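Subject: The structure I promised you

Hi,

Have a look at it first and then read on.

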Amino acid sequence: MVWRLLGVLPQFLSSIRLVVYQMLTMGVRSLPLIILTSVFTGAVSAWQAAYQFQNFVPMRYLGTAVGKAVVIELAPVLTALVVAGRVGASIAAELGTMRVTEQIDALEVMGIDPVRYLVMPRVVSGAVMLPVLVLFSDFIAIMGALVVAVVMVHLPATTFLNGVKLFFHMSDMYAGLFKAAIFGIIISLIGCYQGFQTRGGAEGVGRSTTGAVVIASVLILISDYLIATALFRV
Amino acid sequence: MIEIHGLTKSFERRVVLDRVDLDIAQGETLVVIGRSGCGKSVLLKHVLGLMEPDAGSVTIDGKRLDQLDRAQLYQLRMRCGVLFQGGALFDSMTVAENVGLGLSENTTKSKSEISDIVAERLAWVGLEGIGHRSTSELSGGMRKRAALARAIAMDPEIVLYDEPTTGLDPITAEGINDLIVNLRERLKVTAIAVTHDMNSAFKIGDRIAMLHNGQIIFDGSVDQARTSTDPILQQFIVGATTGPLEPL
């Protein structure tokens, strides 16, 4: 499937309508869930960091710790896991149903390559929209952390935000977005592959859906480690 | 026009097609009959290049499917229309979008031209004015009709019917049979239909072939099928529970 996908990628522009539709489905409709998880991710990060800092580390570094953790790790990985559950499962279920009801065969016999028509728009959309969602997640998680820092830890907002800026490097942000693009490709590709491999009716669709979420989640965590060791040298 | 030679296919050691030979002439309608699960649909999928045979070949207009690359296979498939058993309508689209998809993806026709063709094909199958409806709003008979309109949208030279009347009441089934006969006369297509509905087979076919235990055990005209003394064929035609075929 990957080779066939690479073969049809140059036809990306002629399928732009399909790509935009998938971006809406994958990205815009995932936003409420991402906002919800990001607020609480940021909030709990700030609270836990403050708990660890007390009596050891000055609280002016709270924003630094939370900002780094969110931008490099928490936002990309948690967003990817949430999207794997929402979008990866939905891709596998949709394409799996199309497989068992012969809709994918119908595309084939109409002379329409299902990899170009179904897989390519989803993978391109995953690679583009996951970094966009992670940008939202970065911002909202830091805002969630700011609220906890101000309301619960009684830290001035300017102190927290200065802490965020203190060791902020754009390269950290780029690394987080690069990871997100890889995670987006993993989620959509695994969802499509599981959907295409579906056999045996409703039970098969259920198996593919579960498989898409489990495999994508495991691959996200493994690739996160591999990318971290490649990009962040100790 | 369509030549099937020595076609063999097995699934996990179960031989579904065993050296099947069939030739279908241009403009002819061949009906392949046989019991449920005997490999009729598998035969159709080989004709479309959706499955690769273990041995043997399918040749359409002198082109062996296993020697074509993907682009050539898609070009060849564009000359075919297929009515799938369950319709295989795209449930994310309206009826009109389903019928027009092949045209919008494979031709340079304008939206209004496609719209005109879609309306014409829907009228041919008796579904005027329902193009805007979702496929989930259609009854079984309407789904088959819509799928038939999609199958003929690109003026195919070859049409394949997979169980065209299965699951339909006798009156709706007869309506589908009439449509298939009308389309054959209107479009002069070459067709293969697989069915176990003998009423349908006699009505739409020029020739009947019976698939049993992976092999073609009868191949002849409709009249020859009616008068054949082959006990398996006769039991299948009559639908008797006693004879060489045991009820499943």
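A question to start with: is R122(A) buried or exposed? Bear in mind while you look that this is a predicted model. R122(A) counts as buried, because its relative accessibility is 4%. Its side chain meets that of E94(A) in a salt bridge, 3.2 Å from N to O. The two sit in distant parts of the chain, R122(A) in helix α6 (residues 114–151) of chain A and E94(A) in helix α4 of chain A, 28 residues apart. E94(A) is partly exposed, at 35% relative accessible area.

Helix α4 turns up again in another pair. E73(A) makes a salt bridge with K179(A), with the closest N and O atoms 2.7 Å apart. E73(A) is in helix α4 (residues 62–100) of chain A and K179(A) is in helix α8 (residues 170–196) of chain A, so this pair ties together parts 106 residues apart in sequence. K179(A) is buried at 0% relative accessibility, while E73(A), at 28%, is partly exposed. Over all chains, the whole structure has 23 salt bridges.

Now for where the chains meet. Chain B brings 24 residues to the contact and chain A brings 18. Between them they bury about 1,700 Å², and carbon and sulfur atoms account for 56% of that. On the chain B side, Y74(B), F90(B) and E105(B) supply 31% of the area buried against chain A, more than any other three residues. E105(B) also has a salt bridge to R116(A), at 2.6 Å from N to O.

The largest share, five residues, comes from α3(B). By class, the chain B side has 12 nonpolar, five polar and seven charged residues.

Another cross-chain pair is E102(A) with K45(B), whose side chains meet in a salt bridge at 3.5 Å, N to O. E102(A) lies in the loop between α4 and α5 (103–109) of chain A and K45(B) in helix α1 (residues 40–47) of chain B, so the pair joins two chains. E102(A) is buried, with a relative accessible area of 15%. Both residues are part of a salt-bridge network that links R99(A), E102(A), D105(A) and K45(B).

Chain B itself splits into domain 1 (2–79 + 156–238) and domain 2 (93–154).

Last stop: Q234(B), in helix α9 (residues 231–238) of chain B. Its side chain reaches the backbone oxygen of A225(B) at 3.3 Å. At 21% relative accessibility, Q234(B) counts as partly exposed.

Cheers

Methods:
Residues are numbered from 1 along each chain as its sequence is written. Chains are lettered from A and ligands numbered from 1 in the order in which they are written. This is a predicted model: local features need pLDDT of at least 70, side-chain atom pairs count only at pLDDT 80 or more; totals for chains, interfaces and linings use all residues. Side-chain values use heavy atoms; hydrogens and water are left out. Domain bounds come from an automatic or database domain assignment. Helices (H or I, at least four residues) and strands (E, at least two) are DSSP runs, numbered from the N terminus. Buried means under 20% relative accessible area, exposed over 50%, partly exposed in between (1.4 Å probe, protein chains only). A polar contact is a pair of N or O atoms within 3.5 Å; within protein, one must be able to donate a hydrogen and the other to accept it, and residues adjacent in sequence count only if both atoms are side-chain atoms. Contact means heavy atoms within 4.5 Å. Buried area is the accessible area (1.4 Å probe) that two parts lose on being put together, summed over both. A salt bridge is a side-chain nitrogen of Lys or Arg within 4 Å of a carboxyl oxygen of Asp or Glu. Ala, Val, Leu, Ile, Met, Phe, Trp, Tyr, Cys and Pro count as nonpolar, Asp, Glu, Lys and Arg as charged, and the others, Gly among them, as polar.
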